[in-house]
Structures are given as structure tokens and as C-alpha cells.
Amino acid sequence: MTAVIESEEHKALRSAVAALGKRYGRDYVTRTVAEGKPPAELWSDAGKLGYLGVNLPEEYGGGGGGITELSIVLEELGAAGSPLLMLVVSPAICGTVIARFGTEEQKRQWLPGLADGTRLMAFGITEPDAGSNSHRITTTARRDGTDWLLTGRKVFISGVDIADAVLVVGRTEDARTGTLKPCLFIVPTDAEGFGKHPIAMELNAAEKQFELTLDDVRLPAEALVGDEDAGLLQLFAGLNPERIMTAAFAIGMGRYALARAVEYARERTVWKAPIGAHQAIAHPLAQAHIDLELARLMMRKAALLYDSGDDIGAGEAANMAKYAAGEACVRAVDQAVHTLGGNGLTREFGLASLITAARVARIAPVSREMILNYVSHQSLGLPKSY
Ligand SMILES: Cc1cc2nc3c(=O)[nH]c(=O)nc-3n(C[C@H](O)[C@H](O)[C@H](O)COP(=O)(O)OP(=O)(O)OC[C@H]3O[C@@H](n4cnc5c(N)ncnc54)[C@H](O)[C@@H]3O)c2cc1C
């Protein structure tokens, strides 16, 4: 029997998504960025084809698959040059958390829309004064009768302008300090006291980042997702998919850049043979390919563990996959730009702008250093420095 790395169903999904990506491609992203618009047409088409909700339960309009399938969707769209960043957030984090821990009412209210793409949810955990140290977040919910009043600030929150709501990570008033005891609230973007302020980013991406101000935002009791006391478990249920999906985002982008470089290196001739015949050009491209493939393997392992319900095992693998994919992406993009010589920096060839975009996978949602910290402490048992 031959070992199966990827099932026939997964291969079919991969090639169908790749075909959709090809219909849009890099030109579509370049156009939407120039017009300052979100990638609404691609999002809507992907939704109609069932790709946005492949991981969500069938009874709520999803495809009944897992993060394995959703990561295939994002990787292939990225490899075609047209990634959808909000896949990392809306179905992967928010959809997962609601599907696993939401009430029946929350599931019915949100999952069908998240699955077909007619509704979109952003995710807000990062705060200006906490950054990588989530234990320091201060967004606080206090009770007012049966309602909650939520106050705080968030930063770098993606896609708030196109979102119907933000899944906000806060803490309750009686757990305001100390080790994070998070609670998650669904906050509508049109709620009174909810402010969003775009952050000027040097990223050529259709999705924008925002600073959020939450000023006594009144929320009904039903806005709380799951259990006030099991918030950490719920949060981690969303963060592992986020890491796996960021790996898919990075691998897709790396594959896109590498493919452009290989095409160019096959054609461009300045001596007797195409530049791809020079090992100084060929070997770094081969290394980039190997690094991306290895990262992909770890991503697959993480997705497999997560989809089989092993949250703990998936945690280490998801961190490693995100790390490996981020690094592989940064190196692949850098080498691709270099392969094109001067053309690597032209707008026409469109690779230079990926240099900043690739860095996102190194810093978000958890930085390279924080993953190295995790592996040092959790995997290797080394002492903690902070
Ligand atoms: C494009 C983009 C989109 C984003 N989208 C979202 C979103 O939708 N929702 C959301 O909640 N957040 C989002 N983020 C935020 C992102 O998750 C944070 O930027 C990230 O967690 C790092 O936090 P920070 O920027 O505050 O960096 P800091 O925590 O200030 O870290 C700065 C540097 O110090 C290093 N460092 C910090 N602590 C340590 C330590 N103990 N040991 C070694 N090094 C350390 C870090 O590795 C980093 O290099 C987004 C960010 C970007 C860039």
C-alpha cells in the first residue's frame, strides 16, 4: 500500500481553490489595494463555493471539515497571489470558538453567515500596553444588571471595517489583575462606544488594521461566548487555528514568490545560459523550496493533531509550524526579489511589496521570539527569562 500524504478529497479541494485563485490572482489584489477596497468579490465567490466555511459544522452551513481543509484553502489562494487574510480570523478563530463553545443561539446567529461569507468577524486580543504579554491585557468587562459594560483599547485589529462584529478578549472586573483569566465577547462594530481608527501600515494588503477604543460598550449577557471561568481553554481553542492558518498564509505567499522567481530565472539570460543555471541563483531557490515544504509538513501535523481533538499536542506543532513557515516565507520572498535583479524592485513585477507583507508572518499573531521562548520552556524545559 502506498502511504497517503494527502487524500484525494484534499487534492481535489486544493486544485479547485487553486483554479479560483488563478481567476483572481495578483492583479486583483493590486487593483483592490490601489482602490482602497476590500477583496469583496473574491471573498464572496469563495463563500459561495463553500471554501470559507470548510472547517465549520455542516448543521450550521459549513463543510464539516477542519483546519486541515481551511489551511489548504488559504495556502492555495496565497500561492495564486490572492490570499484572504480574514480567513485566519473569521472562520478559523471566531468560527472555531463559537462552534466549540458558543451557545446554540450564538451558533445559529453567526455560523451560517461566517460559513458563506455574508458575515465576517474580526478578532481583538492585542493591546498597546500588553503586546506579546497577553497576561497584561486590561480591557475589562463589568456587570451592570444582566448586561456587561466593556472598556479598553485594542491595536492592530485586522478587518474591522468589513466586520459585523469583533470577538474581543477581555477580563472580568473581579479578575482584573494577575494571570490572565480571559473572557470572550462578541462586540458588534456598530455598538455605541465602539470606536475604530485605521492604522497607516506599510503593507500592500487589501485588509486594513485598526486601533479600537471601547468606551463602556453595553453588551447583553448573550454576548459572552462560552463560560466566564473557562476562558483560557476557549481562547487557546482559537489561537491554535490562528497559528496554523498564519503558517498557511506564509507558505502560500512563499510559494507565490518562489514561482515568480523560478519563471524569471528560467528565462532571463545575460550570459550564455539562463540565470537559473548559475548555482548562486538556483541553490537558494532550491533551499527556499525545501524550507517551504518542511514548514508545510509541520503545518499538516499541527492541523491533523488539532482536528483530531489534541489541543495540547497541536499547541507545540502549531507554534513550530508558524515559526518555520514565517521564516521560510521571509527567506523565499527575499531570494525571489534578489533573483529578479532590478526588476525585483519594480512595481510591475510586484515582488518588492511582499518584503513587508512577509514580515507579518514573523511578528503576528505571535512573534518568532515568543515561539522560541515557548519551545525553550515547554519543549526543552529550560528556565524562563521573563
Ligand atoms: C498586519 C498585522 C495584523 C494583525 N492583526 C491582528 C488582529 O487581527 N488581532 C489582534 O489581536 N492582533 C493583531 N496583530 C497584532 C500582533 O498579534 C502583534 O503585533 C504581535 O502579537 C506582537 O505584539 P507587539 O506588536 O505588541 O510586539 P511586542 O510584544 O512589543 O514585541 C516587540 C518585539 O520584542 C520581542 N519580545 C517581546 N517579548 C519578548 C520576550 N519575552 N523575549 C524575547 N523577545 C521578546 C518580540 O518578539 C518583538 O520582536 C496584527 C499585527 C500585524 C502586524
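Predicted model: local features only at pLDDT ≥ 70, side-chain atom pairs only at ≥ 80, totals over all residues.
The shell around the ligand draws on two parts of the chain, with at least three residues coming from each of domain 2 (122-225) and domain 3 (231-379).

**Around the ligand**

In total, 23 residues surround the ligand, and the closest are Gly131, Ser132, Ser158, Ser367 and Glu369. By type, the residues of this shell divide into 14 nonpolar, eight polar and one charged. Several elements each supply at least two residues of the shell: strand E1 (121-124), strand E3 (147-158), helix H9 (353-363) and helix H10 (368-379).

**The chain as a whole**

Stepping back, the chain holds 10 helices and eight strands. Its C-alpha trace spans about 80 × 50 × 50 Å along the principal axes. How does the radius of gyration fit with a compact globule of 386 residues? Such a globule would have a radius of gyration near 21 Å, and the chain has 21 Å, so the two agree. Buried residues make up 47% of the 386 residues. Taking the contacts between residues at least 6 apart in sequence, 73% join residues at least 24 apart.

The domain assignment divides the chain as follows.

| Domain | Residues |
|---|---|
| domain 1 | 8-119 |
| domain 2 | 122-225 |
| domain 3 | 231-379 |

**Where domain 1 meets domain 3**

The centres of domain 1 and domain 3, taken over C-alpha atoms, are 20 Å apart. Their contact takes 24 residues from domain 1 and 21 residues from domain 3. On the domain 1 side, helix H1 (8-35), helix H3 (67-79) and helix H4 (86-101) each supply at least two residues. Which helix gives the most to that side? H3 does, with 10 residues. The residues of the side of domain 1 that touches domain 3 divide into 13 nonpolar, seven polar and four charged.

**A strand in the open**

Our last stop is strand E6 (residues 194-199). Is E6 largely in the open or buried? Of its six residues, the number buried is zero, so E6 lies largely in the open. E6 does have a partner: with strand E7 (residues 209-219) it pairs in the antiparallel sense, over six bridges.

Methods:
Residues numbered from 1 in each chain as written. Domains from an automatic or database assignment. Contact = placed C-beta atoms within 7 Å. Helix = DSSP H or I, 4+ residues; strand = E, 2+ residues; numbered from the N terminus. Nonpolar A, V, L, I, M, F, W, Y, C, P; charged D, E, K, R; others polar. Buried ≥ 20, exposed ≤ 12 C-beta atoms within 10 Å, placed from the backbone. Pairing = 2+ DSSP bridges. Near = placed C-beta within 6 Å. Rg over C-alpha atoms; globule rule 2.2 N^0.38 Å.
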